[in-house]
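Here are a few notes to read alongside the model.

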Amino acid sequence: MARWGTRHNKASDNVQSVSLLTAAASSPRRGKVYDISLGSAATPGDNAFIWIIQRCTTAGTGTTTTPNSLDPADTLACTIVATNVVTADPTLTANAFLYQAALNQRATFRWVAQPYGEILIPATASNGIMIGLSAPSTSVMNVGVQFEEC
């Protein structure tokens, strides 16, 4: 199984999403997210944010990034669509929250899945997960994600 890493940034004031990971529209494959770093590169301030990970059924709009292979020997291209600098949120599945954490802007947080506790991206076209905030914010936010394809 190939493993990948990517980083994403929030730049739009009126979207919740910082990172989108969705199955490709053609030849969708499953993915397993096992490591996420959450933080803010903005000037430190005492601001509270609620980070969420929620299922989505569309890919949203933004800049598609190419995830980097964690093993240079892997030669296949990644089929998970990684979207950065989201300008339009995806369609979120109501109440399908997979994770939530309240953090201060000054804090950086890392979530690592325990064995068999990975967050799964289904092999369904344009379905996946949104990592972002519970409400739109003007702050600069950053996410680092590592995942594997199944």
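1. Ground rules. This is a predicted model, in which local features need pLDDT of at least 70, side-chain atom pairs count only at pLDDT 80 or more, and totals for chains, interfaces and linings use all residues. Residues are numbered from 1 along each chain as its sequence is written, and side-chain values use heavy atoms, with hydrogens and water left out.

2. Strands here are DSSP runs (E, at least two residues), numbered from the N terminus, and two of them pair if DSSP finds at least two bridges between them.

3. Glu148 belongs to strand S12. With a relative accessible area of 11%, Glu148 is buried (buried means under 20%, exposed over 50%, partly exposed in between, using a 1.4 Å probe and protein chains only). Beyond its neighbours within four places in sequence, Glu148 has contacts (heavy atoms within 4.5 Å) that include Arg3 and Tyr34. Arg3 in turn lies over the face of Tyr34, at 4.5 Å from the ring centre; the criterion is NZ of Lys or CZ of Arg within 6 Å of the ring centre and within 35 degrees of the ring normal.

4. Ser17. Do have a look at this residue in strand S2 (residues 17-23). Ser17 counts as buried because its relative accessibility is 1%. Its side chain makes a polar contact of 2.5 Å with the side chain of Asp89. Such a contact is a pair of N or O atoms within 3.5 Å; within protein, one must be able to donate a hydrogen and the other to accept it, and residues adjacent in sequence count only if both atoms are side-chain atoms. Leaving aside neighbours within four places in sequence, Ser17 also touches Lys10, Val86 and Met130, among others.

5. Aromatic rings. How many aromatic pairs does a search of the whole structure find? The search returns one. Tyr99 and Trp111 have ring centres 6.2 Å apart and planes at 55 degrees, so the pair is tilted. For rings of Phe, Tyr and Trp (its six-membered ring), pairing needs centres within 6.5 Å, with planes under 30 degrees apart stacked, over 60 edge-to-face and the rest tilted. Tyr99 is partly exposed at 24% relative accessibility, whereas Trp111 is buried at 15%.

Terms used
Helix = DSSP H or I, 4+ residues; strand = E, 2+ residues; numbered from the N terminus.
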